[in-house]
Every structure is written in structure tokens, then in C-alpha cells.
Amino acid sequence: MLQRGAEVTGIMIRAYSYSWFLPKAYSWLTRLLSQDKVKEIESANDLKSYINSLRGTRLSGHIPFTSDPRIIDLSIRSFYKKEINTLLSLVPESDAYYIKVSLLPIFVKELFHIYRVYLNRCYQALEFYKNAFLTISPSAVEELCSRKATLKASSTKELMMLAQLIDDPVYRNFLLGKADLIEENIDLATAEVFYYFMALNTVVEKMPDSPFSPSPREIVCPYIDLNLLRTASSYVLARGGFPEFFEKLGRTGCYGLELLGLTPDEKALVNIYVKVLDYYGFVVEGQKSIFELDHEAGLKMSEKVMKASRKAFASYPFSLSVPLALLHLLLGEKDFLLSQLSRIILA
């Protein structure tokens, strides 16, 4: 009886903590891009029609009418940064931590992008995009740009210097806490992949399970394993295999991929894709190249994340799955809009 009473009390406390967030979350859901609007954006064939297709959405007024695609790109990124910061400000404090943990892979990508641009001395590019990074504050970018003479070549030691500029302790502690696992003076691309895989594993390790459906893992795991597959196969095809110290990562992702067993053989990589897709309930029909299979995996796994996210809003509401679902719906929108912008620019 005491245990049952404690469970009821816990549910009541959690329901109370979500009472401020949930009405705003459900209202937010209704303002996401509709399927009709998605089709309209997909049919845009130039910058003018692309910007016009955003009329009537919550992005109206945030995307300037301009012929400069860089400004449109920056505006989209800045808009979704504000949206995600708003989400973090509304979600119960205990669950905001998990939202930031789920952003760790994006943090690694942003950190190494900034570091690489810095090493190339492209300070204007950093200044231009300083307000658009989801996980790294403008002040950290500005501070880095002010140290123009300090870095001359890439190294993990210098990367740790950059880590000291990170404001948020969740991101900073992740980077500093893993420093002893990585070898000194490895090439920058290998360092990025190693930290990226550590970030994917951290999301898997830290994300709590739940008796309610969908669980947080049901939302994040397809996202984790899709990005794992893509990054691992790209690295292996380019480098021939992973260095031995990657063994420290153990089995990686939700599926549990053994990185050191991967080879640049296309048939072997196709087989891994097929196994992971089967793990998520997808059947691959016919013979496909690695590039065809990657495209199919991208569509199916992303759709699985979106379906799980939508399901969270129709299920038990007082759960981490709801803010986590909203986060992934926002990230999905952002990636869609940026991919459509790239399509138009490259056409």
C-alpha cells in the first residue's frame, strides 16, 4: 500500500509540473507545418516561390524576402533556435536535462563545424552564423573569434580549450568528461566521428525508459541509428575502417553496431543497413545499392520518428515523451526546410 501511495503521489507531482507546459505544447502542435503546406514547399522551384510558400505558417514574418540564400538559411536556423529555446524554458526543469542530452549529437556537429571554420580563419562566417547554433551561445563564438592568434593547428588539447568556452554545463561536461578516451593529435575528421558516436551512445544510455507508450527510446532510437549508419558507412568508405581505439565505444547506438567489424565492402554495408531496417520492422525489397538503401532508410526511419512523436501527443501526457516528441518534430521541420532550400539553390 505504501508503494502504491508513493506511485500515486509521484504521478500527481508530475502532472502538476506539466500543467503549465502541456497546453502550450498541444497548441504548438496545431501550428506545425501541415501536409498541404509541406507539398506546397516541395513544389517551390525558386527562392521567390519558396518564401511565398511559407506564408500562413508561423515562420511568416521571420523569413525575409531576399535573393540571398545565406540570409534565408540563417533566418530558418535562428527561428528554430528560438523555438527550441522556448521549449527548454517551458518544459519541467527535471526533463529539460534530457532534451539537452538528446541534442548532444547536434552539439558535436556544431562544435566541430565552428572549430574547423575557426582553424580556416573564416571569422566572418562565424560572426554571420553566431546566433544560429542550437547548442552553442553567440558569446562563445565571439570569444573564440577574439582569440585569432592562439590556434595554429588542430589537436584534441586545443579542442578542450574551445570546450571551456561552452556556457551550458550539459554540453561542456560531456566534452570534458570524455577527453581521456580520445587519442591526442588524431585527425580532425576522426575526432569528430569519435565524439559524435560517444554523443549517440550517451543519448541511448541516459534516456529513461517508460511504461507508457511511446517511450522516449521509441522516439530517439530511429534517429540515433539512422545517423549512426550514415556516419559509420561514410567514414568506412572513405578511410577503410575505424582505428583500434574506437573499441572503447563498445556496441554503438540502440541497435548495437560493432564499429571495428565494418569494412568498406559495399555488400557488407548493405547487409548492415538491411539488418538495422529489419530491427525497426522494415523489409527491404529487391537488390539496392548502398546509396539507394541509404535514401530509403532516411525516409523510413525519419517517418518512424515522426509517427512516434505524433503518437506521444495522443498518449499519456505527463511524460518526457511529449517534450521530446515536440523537439523532434521541430528538428524535422528545420531539416526539411533547409533541405528544400538546398534543392532550390543547387538546381
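**Note on helix packing and selected contacts in a predicted model**

1. In H13, the residues Asp225, Leu229, Arg230, Ser233 and Leu237 meet Leu269, Ile272, Tyr273, Val276 and Tyr279 of H14, where contact means heavy atoms within 4.5 Å and helices are DSSP runs (H or I, at least four residues) numbered from the N terminus. The residues of this contact divide into 7 nonpolar, 1 polar and 2 charged, with Ala, Val, Leu, Ile, Met, Phe, Trp, Tyr, Cys and Pro counted as nonpolar, Asp, Glu, Lys and Arg as charged, and the others, Gly among them, as polar.

2. This is a predicted model, in which local features need pLDDT of at least 70 and side-chain atom pairs count only at pLDDT 80 or more, while totals for chains, interfaces and linings use all residues. Residues are numbered from 1 along each chain as its sequence is written, and side-chain values use heavy atoms, with hydrogens and water left out.

3. Helix H13 (residues 216-239) and helix H14 (residues 266-279) pack at an angle of about 175°, with their axes 11 Å apart; the axes are lines fitted to C-alpha atoms over the stretch in contact, and angles run from 0 to 180 degrees between N-to-C directions. That makes H13 roughly antiparallel to H14, a term for angles over 145 degrees.

4. Asp294, found in helix H15, is in contact with Arg230 and Tyr273 when its neighbours within four places in sequence are left aside. The side chain of Asp294 makes a polar contact with the side chain of Tyr273 at 2.7 Å (a pair of N or O atoms within 3.5 Å, one able to donate a hydrogen and the other to accept it, where residues adjacent in sequence count only if both atoms are side-chain atoms).

Methods. Helix = DSSP H or I, 4+ residues; strand = E, 2+ residues; numbered from the N terminus. Parallel < 35°, antiparallel > 145°, perpendicular 65-115°, else oblique.
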